Amino acid sequence: MTVALHICAGLPWQPANRCWAAVRLWRKVTTWSAVGAAFNSNPVRRLDLLQRHVGLFGVPELSSTEGFERVQRRALLEAEQLVAKACRTAPGASTVEVFDKLSDTLCRVADLADFIKVAHPDPEYREAGEKTCIKIGTAVEKLNTNVELCRSLKNLLDNQEVMDQLDPETRRVAELFMFDFEISGIHLDEEQRKEAVDLNVKLLDLNNQFLMGCHMPNRIDGRALPTHIHHHFTSEGNYLQIGGLHADSPDDVVREVAYRIFLYPNRDLMDILDQLLSCRNKLARLVGYESYAHRALRGTMAKNPDNVMNFLQLLTDKLKDRTEKDFKMMKDMKCKLNPRNPDLMPWDHSYLSGVIRAERFNIEPSLYSPYFSLGSCMDGLNALFTQLYGVSLLAEQPSAGEVWSEDVRKLVNKQTNKQKIFLTQRASLQDCHFTVRGGRMQDDGRYQLPVVALMLSLPRPGRDAPTLLTPAMMENLFHEMGHAMHSMLGRTRYQHVTGTAPPRGTRCATDFAEVPSILMEYFATDYRVISQFARDYQTGQPLPQSMVTRLCESKKVCGAADTQLQVFYAALDQAYHGKPQSRSTTDILIDLQQKYYGLPCVPNTAWHLRFSHLVGYGAKYYSYLMSRAVASMVWRQCFQKDPLNRDTGERYRREMLAHGGGREPMQMVEDMLQKKPSMEDFVDALVSEMDPDFESIIMDSEN
């Protein structure tokens, strides 16, 4: 089930006009809020034949797939007019405003299409969205090498007297636009600029090919596998399809077979990856960078590849003893479960760490799920946002044609006007956040409020129960809502730097973009927050504090090994995007797996061909670790003592959320923490997360 969450703000509450008809409300003891009731009931939409069809997300043309062509054609025509206007505008703030309007014109189409191409159930809509993304993306690459357009911006940046009169956000946005020109090769001669455009267009195609290949299943003749495990895989005649790692299967043979077959090298996909990395390197070198990693990391908190590798090596050194202990625990557990095959292998990591957690802390997700109905979790988020930011959410009936399914829910922010979050429930490879429309100050002085969408894989409600979430699903919901609120609470003057970064965008530094979402995970595991909403959907009984304590402490089990695995992925990403090596991508993987992970590399496997993050996070996969370090520091210093403090919430909103990418990311971190953190500080913050919280355990035992 995919959930599209659409948040609109400021619309009046009119129960008579709402279509959230509660077929069954399961909560028997306590009363849900309006938001909780809406998500704990089956939505039944009234058919109103007289209601005008507004089109997807309120875009009238998108009542059919043909509308994508009309929308993109209109956007490209308007873009031409804005380019002409920018080229004749005198240097000043108006120059930046025209550039931002140009950016907004194209992004409003591309961002919406980017979501449709992955979320819409109709393949024709997905294909139309994909074509639109490519069309707009190609246009953007050409604009980034438009010499006359760049000259108008350069005239502003070279006029120091005018620049001194601009506010800091306007100066930063002007510099960011120039950065886009520079990394696209604006300084090159005409032939080289054309080469840069061609490389970027080629990369769009290679990225799509690699992403498609990453998720394609492999198949094998069923006679090659033991018959007793056939039922774990999908049958296709005499063949079996293996479409994943089955990492949590209790059967050692199933895990090993899935690992070896799903990761079996695909020569065509290997060639695509080689081309992709070569193309990225050529582009980076063409525009004047040592490597693609140097190009990608400019403007981030890390700044350059050397700082990233320093961070990863420091973390590896600090985790060394803990990681070895974790692997020993896993090996001992495997000896206990399967003494005839005790060697610890990569396919054992996820399963055995889960077994150890469950054995030590009795963590069974089904014991928690009754307390985490979707409605209660939405209640909790609503209460948290109200207490921290003074923002409350309302569930609203979508207009005719605004969404494509009853699985798509719409929320509005009560305090603002027309500010929307769509939450779509649909089977997806991973939960994710999309910016459908960015915020910006318009010419008439009104603020263009953001529209965001979340895609979540959640179970469907049962016959006698609402949608019940596991603890991991609940945390993912909080995580993605952290992204949504970063976008929703941003009040940047310019769309170019609004909110968080969508999967395809760069509105916010990637190693800062995950901070607001990861911070929400801390709220999702703090009993003072959980106790406000976690109630059994049948009895209304609160979730015991002891269960929350066990859940939190269980996450620290094998935490070093889990983190070290992420370090390995990040190091591999850096190696692939650094200076080219005279070795194959497989040989590089084998070397780095030994150095940064420890478990052996399995012959005739190619894990890197399933590493889809190489596309969206090329040279930036380390961002998850760095963002977690920052979030940990913000939580401990600012929220841990009192997670519901309104003054702290407002300061966090003012210092971090409001700026999007409109300020240097490290400056926002420094202002929030009131100190300049070092790489050692980031590493210490991550390592300290793995220490047992003895105080909470003692408090819990006393209760």
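## Aromatic cluster and pairs

One aromatic cluster is made up of Phe-327, Phe-568, Tyr-569, Tyr-597, Trp-607, Phe-611, Tyr-617, Tyr-621 and Tyr-624. The model is a predicted one, in which local features need pLDDT of at least 70 and side-chain atom pairs count only at pLDDT 80 or more, while totals for chains, interfaces and linings use all residues. Residues are numbered from 1 along each chain as its sequence is written, and side-chain values use heavy atoms, with hydrogens and water left out.

The structure holds 28 aromatic pairs (rings of Phe, Tyr and Trp, the last by its six-membered ring, pair if their centres lie within 6.5 Å; planes under 30 degrees apart count as stacked, over 60 as edge-to-face and the rest as tilted). Phe-68 and Tyr-125 form an edge-to-face pair, because their ring centres are 6.3 Å apart and their planes stand at 75°. This pair links distant parts of the chain, with Phe-68 in helix α2 and Tyr-125 in helix α4 (residues 123-143), 57 residues apart. Helices (H or I, at least four residues) and strands (E, at least two) are DSSP runs, numbered from the N terminus. Phe-68 has a relative accessible area of 4% and is therefore buried (buried means under 20% relative accessible area, exposed over 50%, partly exposed in between, with a 1.4 Å probe and protein chains only). Tyr-125, at 12%, also counts as buried.

## A stacked pair

Tyr-522 and Trp-635 are stacked, at 5.7 Å centre to centre with 20° between the planes. Here too the pair links distant parts of the chain: Tyr-522 lies in helix α18 (residues 515-524) and Trp-635 in helix α24 (residues 623-639), 113 residues apart. Tyr-522 is buried at a relative accessible area of 9%, and Trp-635 is buried at 5%.

## The three-stranded sheet

An open sheet of three strands runs in the order β2-β4-β3 with antiparallel pairing (two strands pair if DSSP finds at least two bridges between them). β2 (218-221) and β3 (234-236) are the edge strands, each pairing on one side only. From one strand to the next the twist averages 35° (axes are lines fitted to C-alpha atoms, for helices over the stretch in contact, and angles run from 0 to 180 degrees between N-to-C directions).

Four bridges join β2 to the antiparallel β4 (residues 239-242). Across this pairing, Ile-220 has Leu-240 as its bridge partner, and Asp-221 stands opposite Tyr-239. Two residues lie between the strands in the hairpin of β3 and β4, where Gly-237 takes a positive phi near 70°.

In a regular strand the side chains alternate between the two faces of the sheet.

A pocket is an open set of points on a 1 Å grid over the protein atoms alone, where a 1.4 Å probe fits, with protein on both sides within 12 Å along at least five of seven lines; lining residues have an atom within 4 Å of a point. Of the 35 lining residues, Gly-58, Val-59, Arg-108, Arg-437 and Gln-448 are the closest to the centre of the pocket.

Elements giving two or more residues to the lining are α2 (67-88), α3 (93-119), β8 (432-437) and β10 (447-448). α3 gives the most, with seven residues. The lining divides into 15 nonpolar, seven polar and 13 charged residues (Ala, Val, Leu, Ile, Met, Phe, Trp, Tyr, Cys and Pro count as nonpolar, Asp, Glu, Lys and Arg as charged, and the others, Gly among them, as polar).
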